[in-house]
Amino acid sequence: MAAGHAERPGRLRPYAQAVGAAAGEADGGRPETALALLRRARRMARELAVLHPDAHCELDFTTPLELAVATVLSAQCTDKRVNEVTPALFARYPTAADYAAADRAELEELIRPTGFFRNKAASLQGLGAALVERYGGEVPDRLADLVTLPGIGRKTANVVLGDAFGVPGITVDTHVGRLARRFGWTREEDPVKVEHALGALVPRTEWTLLSHRMIFHGRRVCHARRPACGACGLARWCPSYGLGPTDPDLAGSLLKTPAEVEVSP
Ligand code: SF4
């Protein structure tokens with residue numbers, strides 16, 4: 001796995017220092033200038049591309065409607081589980097009008113394995129109805145329109161924009177938010193503020209892929225509980241290096257393979 005590059009950091013910092021260094025402070029507590037942050041962020045973004053050359057949307061879809069539906073189902077659920085459910089779902093409901101007119105009990109049964117199936121079924125019916133009523137049954141390709149649809153928040157809208165329409169979008173899910181803060185790219189907790197902070201650091205054309213690469217890195221290397229710092233290719237630029245084990249063997253054992261990633265959201 002490319003993410004397993006055990007690149008020895010050029011500057012090693014204990015976590016106590018790293019906490020102070022995150023988001024705007026360099027070694028020794030000196031403030032990191034805006035230009036230094038920009039350069040460091042772009043260097044890390046380039047390295048993420050090297051570490052995760054195959055990063056992509058892990059939901060299966062062929063149309064914007066299918067991606068919107070899959071993204072609604074992915075809330076609190078693994079992409080793998082969603083991908084197991086969607087072939088039968090997409091075959092049964094090929095159009096927005098089909099979701100609008102669906103028998104609720106049948107729809108719930110089809111999506112039950114993804115969890116929260118009653119809420120999700122209501123969202124899908126509402127989404128289908130809204131698309132038919134307001135957009136001629138088509139999924140719109142503007143953020144302002146997408147976020148008005150049932151079940152579609154800003155995060156989902158950016159997924160649809162980026163992956164179905166090729167319109168650059170930054171998707172701030174739990175991984176992207178966590179990594180952006182660990183990288184010292186922002187201190188913000190609010191996803192919209194994180195999205196804007198990242199958008200200012202990375203060229204617009206890279207937004208969609210950056211999101212996928214950060215999600216890949218978060219799922220495979222920079223885990224929420226025990227990040228694999230000693231086996232992380234970003235270690236030399238990351239102020240949070242040392243948050244997880246730095247021993248290469250121990251850290252290497254924490255890396256997740258694609259098969260292992262599929263069992264966790
Ligand atoms: S694994 Fe450690 S070094 Fe790598 S990005 Fe996460 S916190 Fe930084």
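From the N terminus on, the elements of the chain run α-α-α-α-α-α-α-α-α-α-α-α-α-α. The chain has 14 helices and 0 strands. Helices (H or I, at least four residues) and strands (E, at least two) are DSSP runs, numbered from the N terminus. The model is predicted: local features need pLDDT of at least 70, side-chain atom pairs count only at pLDDT 80 or more, and totals for chains, interfaces and linings use all residues. Residues are numbered from 1 along each chain as its sequence is written.

Of the 265 residues in the chain, 42% are buried. A residue is buried if 20 or more other C-beta atoms lie within 10 Å of its own, exposed if 12 or fewer, and partly exposed in between, with C-beta atoms placed from the backbone. Contacts were also examined. Two residues are in contact if their C-beta atoms, placed from the backbone, lie within 7 Å. Among contacts between residues at least 6 apart in sequence, 62% join residues at least 24 apart.

In soluble globular proteins, nonpolar side chains tend to be buried together. A nonpolar core is here a set of buried Ala, Val, Leu, Ile, Met, Phe, Trp, Tyr and Cys residues joined through C-beta atoms within 7 Å. The largest such core holds 36 residues. Ala41, Ala180, Trp185, Leu198, Val202, Ala228 and Cys232 touch the most other members. Two or more residues of this core come from each of α2 (34-51), α10 (174-182), α11 (191-201), α12 (207-220) and α13 (248-254). Helix α2 gives the largest share, 6 residues. A second, separate core has 29 residues, including Cys57, Val72, Val82 and Leu89.

Val72 also belongs to the buried residues of helix α3. This helix spans residues 64-73 and is mostly covered, with 8 of its 10 residues buried. The buried residues of α3 pack against α4 (79-92), α5 (96-100), α6 (104-111), α7 (117-135) and α9 (154-164).

Cys232 is in contact with Val221 and Cys222, leaving aside its neighbours within four places in sequence.

Three loop residues were examined in turn. Ala55 lies in the loop between α2 and α3. Ala55 is buried, with 22 other C-beta atoms within 10 Å. Beyond its neighbours within four places in sequence, Ala55 is in contact with Leu209, His212, Arg213 and Phe216. Ala55 and Ser211 are 156 residues apart in sequence, yet 9.0 Å apart in space, C-alpha to C-alpha.

Most residues other than glycine have a negative phi. Gln76, not a glycine, has a positive phi of about 55°. Gln76 is found in the loop between α3 and α4. Gln76 is exposed, with 11 other C-beta atoms within 10 Å. Phe116 also has a positive phi, near 45°. This residue sits in the loop between α6 and α7. Phe116 is partly exposed, with 14 other C-beta atoms within 10 Å.
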